[in-house]
Every structure is written in C-alpha cells, then in structure tokens.
Amino acid sequence: MTFRTILSAAFAAVLAVAAQAEDMKMSVTTSFANSGLADVLLPEIKKDTGINVQLLIVGTGQALKLGAQGDVDAVLVHAKAAELAWLAEGNGTHRREIMYNDFILVGPSDDPAAAGSAAQATEALSAIAGAQAPFVSRGDNSGTHKMELRLWKAAGIEPQGDWYRAVGQGMGAALNTASGMNAYIMSDRASWLKFANKGDLKLVYEGDPILFNQYAYMPVNPEKHSHAKIEQANALEAWLVSDRARELIDGYTLNGEKLFTFNAKAE
Amino acid sequence: MNDILQGLARAAKLVVTLNADLVEITLLSLQVSLGAAVIGSAIGLPLGAWLAINRFPARRTVIALLNALMGLPPVVVGLIVYVLFSRSGPLGVLGLLFTPTAMVIAQVIIITPIIASVAHQAIRELWADYHDLLISLEARRHQRIATLLWDGRRALMTASLAGFGRGIGEVGAIMIVGGNIDHATRVLTTAIALETGKGEFDMALALGFVLIGLAIAVNLALHILSRTERGSRW
Amino acid sequence: MVNAMVALDRVELRRGGRVIVGPISLRLGGEGITMAMGPNGAGKTTLLRALHGLERVSSGQIHWDEDARALRERQAFVFQTPILMRRSVLDSIAYPLRLRGVRRGAARERAAECAENVGLRVSLRKDVSTLSGGEKQKMALARALIMDPALLFLDEPSANLDGRSTREIEEILDHFRARGTRIVMSTHDIGQARRLADDVVFMHHGHLVEQAPSAAFFDAPQSQQAKAYLQGDIVI
C-alpha cells in the first residue's frame, strides 16, 4: 500500500514536471482574452503543438512590462509604437504581426453628440468634445488608451474637463463605468460584443481605417532572460502564422459578426 | 435585484452540477488561503502572545507597527512581492512568480499582522486575568505561555479565522503575483474580477455567493470542531 | 506562637509615589491562624500579597526564619475574587499539579479528592464560569489545597458569600489548622475573626495599629481605632 502510494506520488511528480516543461507564459491584452478567441485558440494550440499556453491577461503597459522583466516568455499586444520601443530596448527577439480587429465608438443610444453621423473618427471625437458629452477613457496606458489619445491628437483636441473621465481600468471595468454613466467610450469591437452589461449603450461609430488595431506577437529575448522559453515561443509563433490559425481566427464570430482578420505574412 | 437572483440561481446550478472549473478554482482558493492562514498563525499567534506577556522598551512601537500593518493595502503587498519575485528581482531565480506559492507568500504578509494583533488583544486580556494566579503558582515562563495559548485557544482560533477571512476575500495582491492564469493560479476572487470585467455580472455574483458560502462553511466547520473538542475533553 | 516564621522590618510599599502600606514592622509566628483586620483600604490585601511575594517591596525587608523554609516553599494564595481559568472545575483544581509535572490522570484524581474535601459537590466537568459565588470560592480553595501547602494565604475568603457557604469554608480552615497548616488571612467579618483567629494584626491607613493574641484583642483592644472598629463605628 505504502509502496504503491509512493510510486504513484513519484509518478505524478514526474508527470507534473513533464507537463511543466511544455508550459509557457504569454502576457496578452484584456481585449484579446475578453473576445473569447483565446478560448478557441488555446485548446487547439495544445492539441497541435503540445504547448500549454498560460495567459496573463493585463493591459498593454503591464503586458510589455512583464516581458521586459522576463516574467513571461512572449507577449501578444496591440500598440505599435510601444512595441517598437520595447524591442529597441532589447526585450524581445522580433515582432510578428498576426491579425487585426478594430476599435469602435460606443455611446448612449440617443447619441446626444451626434457622433454617429461623423465622416471620420476624429470628427466623431470632435463632436463629443464639442457637446461636452461624458466620455470614459481607459486612462491605463493600454493599447486602447494609446489609440484613443492618438485620435484626440489627430483631432487637435486636448481632452479635459468634467465630461472626460479617465478611470484607469481594464476594458471591461471601463465599459461598466460607461454603462453606469451612460457615457461615450472607445472600445475594441470584441470586448464590446462580448460585454454583457450594455445598458443603454450602443455602437455609434465604426469603420474608419484609422481605427484598425494590429496585434503583434513578440518572443522575449533569451539573451536578456536566459530562462525564457524561446523554443516554445518559436513553436507558438509558427502555429500562430499557420493556415490552421488563419482558419480559426478568420472563422471566429460573435453574435454573427467576424471579429478578427488574420494578416500574418509567411516568411 | 434581478442580477442578484440570476446570480443566486447560477451559483446554485454551478454548485449542484459540481462545475469542474468552479471546483478547481474553489479548491485553489482554499489551498492558498488556508495555507496562508496556517503559516500566518504559526508566526502571528506566538508573536501576539509574546507581545502580550513581555515588557520591553520598543513594545509599544512594535504594537503600533503591527496595527498599522493591518491596514496595509493588499495591492501594495502584491506589488512588493511581485518586484521581489520577478525574474528581474532579487528572488527571481526561485521562479515562484505566478505560482500558488507566491500567492501564499503575499497573503501571509497581509494576514499575519491581523492574526498577531487579534491574538495579542486576546492573550493580553487573559494574561491580566491569570497574572496573579500564575505568579502565585510560580509557573515558569514557558508554562505561562503554554497555559495562555491553550486556555485562549478559542480566541486564537478567531484570530486565525480573521486572517483566513481576509485572505480568501483578497484580490489585489494575488491578482498581481498570481496573474489569474486559467487552470494555474485562478482563484475565486480573481475570477470574480475577471467576470465583472466582462460585464458578466450574474457569473461574477454566482462566484461571489460561492465565496461567501465557502467562508461560512469554513467558519462553521471550525466552530463545530472546537465544540467537539470541548465535549470530548474527557 | 511557638517559633518565629517571618519578620517585617520597616517594610514600605509605594505605587506611583503614593505609600500604600508601611512603614510596617511586625513578626509572625509559625502556627495557627493570623487574621489581618481593619477597615477598607487599610492595606490588608497588600500586606498578604507582599508576604506571598506578589508585590514588590519598595523599602525595608522581609526576613524569613531559617526554620520556616518549609512554610515558605509550600505556600498558596486564595484571592478575594477567585481567578477563573477557562477550564473545567476539575482541570482548574488540577492545574497546580500539572504545573509540577504530575500526569493528567493522577492530577485529576487528586483534584476530585480535593473538591470532595472542600465540599464542592457539583459536576466537575462544568466550566468554572458556571459555578455560583460560593462554589467558585471553594474551587479556588481546593486549587490552593491540592499542593498541600504549609502556609496558606486567604484574602477575604468569604466576602459576598451566604452564611452556609461561609460556615463550610470556616470548617475547612479549622480542619487544616488542626492538621498544622499555617494560615494568614484577612477578613471584614468581625464574627469570623472571633471564630477563627489565633492572633490579630489590626491595620489602618497602611499602618500596623495593633498586634495581639485573639483573646486579648477582642476583650481589650488597646487602640482607639480598634475599639471603634469592634464597636461597629465607622473608622475614618
């Protein structure tokens, strides 16, 4: 009895170690995880490559920080300028574009600022600022936040005042806040479609190419962090740019809407 | 109101069907917070008793510090533990970040001051009661501490439970050091934060009700255990 | 008083700059029951506690006689308010033996005997907090007697007790005096003092006013304060 217990315990320990060898950690943005795409991709990745990808779901700022500290093996984010700066610091080996989705403007169903009739995204923002309609900003240095700031800049507006509320939280929490305040907010399409607490909010503006949101995959530099699992990271990259990934990403829909467009280029 | 009812219904369904994910994160919650409570008690209870019995110059300062540490924001503890255990940090080589072990460490830091403080309070009162008797009977120092710990065990259990309660309901620290990784470090509170973020309020509430139920169950179980112990002293 | 037990030489106890007892000088013999008497605040309790070693003496000295070593090493104290441990009656009484390393079973057996000896007839499994005032006092007495003390201090052992309990406790004290236990106690109850005391130490405002054999003290008190006290006057 005792012998069998010890044996099975040892066996379990060996298994655990073996399994651990195939674990890798990847920090991803909230929007990616909240979209539900992760739930589709991860089991397939495990099936095809044997890699168990553990996701750390955080904002882009924290996702890049985790990579720079060597606490994850790869990052999957969407903030090109920050990504390039991160690479320039020697934190990663390279940057591989995988797919894109798009940002949208969400607001009260009666659209008091008439942002929905704008011809361009910047015009829509100008309309909101002009009407001083409540606007919730992520304010957390995330990719979505950075995109929002870029748009304000392009519109020539420095958003400030009572109507502009920076909440410093993730997409879901920010959407909850906007829903509670009946305010405008910029969101990635996936998070919005998945969001269950819409209240009186609806999609008011979409479609301007400036709102496209490119996701890029970057393995952590093993020269900087020798423990980084570069083999798994490379295997994962190979899978992410494969036809199998294209099929799954392009085929993923939510409420009948396609969320992501695969655009990885073969090398 | 509707959200709450839906949450309750969903909680009931999750529990009755023994939802595999729910069982997994509930067990991890218990494992982390009970582990932290045990370690925190092993440090905090003797520390509290020691502070109650001994007079030394810095005693007041230590007690004030302990009380101040009780109010330590978990997110700050989480950040400090993260920086320590990050691969780039001084303890990074241990590879403990984003593991249940790191979560236990963070919670031990959070709850030990609470356990020590409550224990100190209880033992101080008991010591005031027992002082003359123990001196009169010439009890040695270790006998005094043993007597106070044993006779104060109910109050000390309350101290441990207070620590456990704070641990199991804590989200700020374990979110940072655990990372809320599915099937690895996801516990009830971080799952609730995640579901809330998704706007899935009924799921978040369902997990919340499971958390409340769990806390009540652990308290009741310990209460009944102590009763049994009391009844079977003979 | 056949032989000397202890001598106090200008003993004074101060707390926070205030003199509580003393300076006081007196000698106590090695036998019988010494009764500390006096109005509230006279310093009876403090004197007993100082003799037992519970209070730090500020100045002066307490000399124990060489022959009184046995008394000094085997003493016990029964407090005015019984100290209740968070334990059953039996385990409370057994506690002093447990401190001395006696095994639980044997200690409990002795505790049950002691409870019987002091007439404590309650379920010994009860928590001490559930006992009545008289029962608590008997428990404390049994806890003191389980060590078979040679010297027993009691601070107003029958304050707040009814007549029946008081008589039972006095019978127990009589019994132990007869067995040779040296008893030093305090009381408010003049009748009790008359019934039990072999000699009396009368105190007032922290000072020793009069010390005399019992018969002499009650028949012909020397001091005004003692006379007034024995007549039932309020002594200020």
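In this predicted model, 21 residues of chain A are in contact with 16 residues of chain B, contact being counted where C-beta atoms, placed from the backbone, lie within 7 Å. On chain A, the side that touches chain B draws at least two residues from each of α2 (30–34), β2 (52–58) and α8 (171–181). Helices (H or I, at least four residues) and strands (E, at least two) are DSSP runs, numbered from the N terminus. Sorted by class, this side of chain A has 11 polar, 7 nonpolar and 3 charged residues, where Ala, Val, Leu, Ile, Met, Phe, Trp, Tyr, Cys and Pro count as nonpolar, Asp, Glu, Lys and Arg as charged, and the others, Gly among them, as polar. Residues are numbered from 1 along each chain as its sequence is written, and chains are lettered from A and ligands numbered from 1 in the order in which they are written. Local features need pLDDT of at least 70 and side-chain atom pairs count only at pLDDT 80 or more, while totals for chains, interfaces and linings use all residues.

Helix α2(B) covers residues 20–53, and its 34 residues should span 50 Å at 1.5 Å a residue; the end C-alpha atoms are 48 Å apart, which agrees. The expected span is 1.5 Å times one less than the number of residues. At B:S41, α2(B) bends by about 35 degrees, the angle between axes fitted to the seven residues ending there and the seven starting there.

Turning to chain C, 3 strands make an open antiparallel sheet in the order β2-β1-β4, with pairing taken as at least two DSSP bridges between two strands. Because β2 (18–29) and β4 (59–64) of chain C have a single partner strand each, one side of each is left without a neighbour in the sheet. Strand β1 (residues 4–15) of chain C is joined to β2(C) by 8 bridges, and C:L8 stands opposite C:L26. Helix α1 (residues 44–52) of chain C lies across β1 and β2 of chain C, at about 120 degrees to β1(C); axes are lines fitted to C-alpha atoms, for helices over the stretch in contact, and angles run from 0 to 180 degrees between N-to-C directions.

Chain C also holds an open, mixed sheet of 6 strands, ordered β5-β6-β7-β3-β8-β9. Its edge strands are β5 (75–78) and β9 (207–213) of chain C. Within this sheet, 4 bridges link the parallel strands β3 (residues 33–37) and β7 (residues 182–186) of chain C, and C:I33 has C:I183 as its bridge partner. Helix α6 (residues 163–178) of chain C packs on the sheet, touching β3, β6 and β7 of chain C, and makes about 145 degrees with β7(C).

How values were computed: Two residues are in contact if their C-beta atoms, placed from the backbone, lie within 7 Å.
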